[in-house]
Amino acid sequence: MIAVPRCNSVEELTSDKIQALHAWWSAQSGAGGIPDRSAFDPTRYPRLLPNMIIAQATTEPFRIQYRLVGTKVADVLNIDFTGRYLDELVDEATNTPWQDYYREAFERRLPILGTVTEATLAGGSFTFEFGIFPITAGGDGVRQFLCIEDYFDFNLTSAELIPWSLREAQLFA
């Protein structure tokens, strides 16, 4: 990965998908500060679902486990990492501090928004935007995250993104 600019507000992003999830999160936050997972009705957001990830936080030690990975995410990254832990997937080639972003969202109870630029096998790059939105599960502190990644019109085969499956194979070779 090449660069990881953080955004201070959703208005800095161009993704209408991230803006839609942010609008839902903000509207549902209420007095408790963050929404509960039960408030998210996926049938109301069918165009977001392929780009979404549901992750779960565990503590002692702090870890992120992916509970659900959208089809677009799995297609672009060339791996369905449902059930896997973030620390099993991230390697030394990753410049994006995903673990730090989740921890910050967990501790501050606020969304983390940003842009990531990925290298391609052909020496080029492509950029996507992301949002990590903390939520409760049963109203008891941050337990999960609704995440979204917008790849816009990116096509894996034409840009030759280095797929996670290759990174993973190289990591364990």
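From the N terminus onward, the elements of the protein follow the order β-α-β-β-α-α-α-β-β-β-α-α, giving six helices and six strands; helices (H or I, at least four residues) and strands (E, at least two) are DSSP runs numbered from the N terminus. The model is predicted, with local features requiring pLDDT of at least 70 and side-chain atom pairs counted only at pLDDT 80 or more, whereas totals for chains, interfaces and linings use all residues. Residues are numbered from 1 along each chain as its sequence is written, and side-chain values use heavy atoms, with hydrogens and water left out.

Of the 173 residues of the protein, 46% count as buried, where buried means under 20% relative accessible area, exposed over 50%, and partly exposed in between (1.4 Å probe, protein chains only). The accessible surface comes to about 8400 Å², and 50% of that area belongs to carbon and sulfur atoms; areas were computed by the Shrake-Rupley method with a 1.4 Å probe, and for residues only the protein chains shown count as cover. Among contacts (heavy atoms within 4.5 Å) between residues at least 6 apart in sequence, 58% join residues at least 24 apart.

Strands E2 (residues 52–58) and E3 (residues 63–69) run antiparallel and are joined by six bridges; two strands pair if DSSP finds at least two bridges between them. The two strands form a hairpin with four residues between them, and Glu60 in the turn has a positive phi of about 55°. Within this pairing, Ala55 stands opposite Tyr66 in E3.

Aromatic pairs number 13, a pair being rings of Phe, Tyr and Trp (its six-membered ring) whose centres lie within 6.5 Å, with planes under 30 degrees apart counted as stacked, over 60 as edge-to-face and the rest as tilted. Tyr102 and Phe145 form an edge-to-face pair, at 5.0 Å centre to centre and 75° between the planes. Tyr102 lies in helix H4 (residues 98–108) and Phe145 in strand E6 (residues 142–150), so the pair ties together parts that are 43 residues apart in sequence. Tyr102 is buried, with a relative accessible area of 3%, and Phe145 is likewise buried, at 0%. Ring pairs link Tyr66, Phe81, Tyr102 and Phe145 into a cluster.

The charged end of Arg63 sits over the ring of Tyr85, 3.7 Å from its centre; this assignment requires NZ of Lys or CZ of Arg within 6 Å of the ring centre and within 35 degrees of the ring normal.

Gly33 is placed in the loop between helix H1 (16–28) and E2 and is partly exposed, with a relative accessible area of 33%. The C-alpha atoms of Gly33 and Ile135 are separated by 9.3 Å, although these residues are 102 residues apart along the chain.
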